[in-house]
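Subject: Structure for your review

Dear colleague,

My notes on it follow.

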Amino acid sequence: MNGDVLISPQLTVRLLRQREQSRETSTVVLTEREDEIVARVAQGRTNAEIAAELFLSPGTVKNHVASIQRKVGAGNRVAIAAWAWATGRVEP
């Protein structure tokens, strides 16, 4: 009602588990471009928004996101954001 987003308890548990796993993968090496994209994913930006900001095509952003997911062991964008926050790559 006041604009906050509700996260289900099941999703919260999954995020916390992924956060623990991400601490183990904090030594993942990302390219400079992947770091830029991780920061924007963690800010909640869409592929289209990221593409416009970085002067890329949405397809290129999608490919980078997929590469990041593989490198950090994330199943989705939320897990990328949780990994980025947990490893200190970006501030929540």
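Helices (H or I, at least four residues) and strands (E, at least two) are taken as DSSP runs and numbered from the N terminus. Gly73 lies in the loop between α4 and α5. The model is predicted, so local features need pLDDT of at least 70 and side-chain atom pairs count only at pLDDT 80 or more, while totals for chains, interfaces and linings use all residues. Residues are numbered from 1 along each chain as its sequence is written, and side-chain values use heavy atoms, with hydrogens and water left out.

With a relative accessible area of 61%, Gly73 is exposed; here buried means under 20% relative accessible area, exposed over 50%, and partly exposed in between (1.4 Å probe, protein chains only). The C-alpha atoms of Gly73 and Val28 are separated by 9.9 Å, although these residues are 45 apart along the chain.

Most residues other than glycine have a negative phi. Phe55, however, has a positive phi, near 55°. Phe55 sits in the loop between α3 (47-54) and α4 (58-72), and counts as exposed because its relative accessibility is 76%.

Helix α4

The 15 residues of α4 reach 21 Å from the first C-alpha to the last, close to the expected 21 Å (1.5 Å times one less than the number of residues). Buried in α4 are Val61, Val65, Ser67, Ile68 and Val72. They cover an arc of only 165° around the axis, and therefore lie on the same side of α4; the arc is that of the directions from the helix axis to the C-beta atoms. The face turned away from this buried side carries the exposed residues Lys62, Asn63 and Arg70. Cover for the buried residues of α4 includes α2, α3 and α5, where contact means heavy atoms within 4.5 Å.

The largest pocket

A pocket is an open set of points on a 1 Å grid over the protein atoms alone, where a 1.4 Å probe fits, with protein on both sides within 12 Å along at least five of seven lines; lining residues have an atom within 4 Å of a point. Residues lining the largest pocket include Ile7, Val41, Gly44, Arg77 and Trp85. Two or more lining residues come from each of α1 (9-24), α2 (32-42) and α5 (77-86), and α5 gives the largest share, 4 residues.

Yours sincerely
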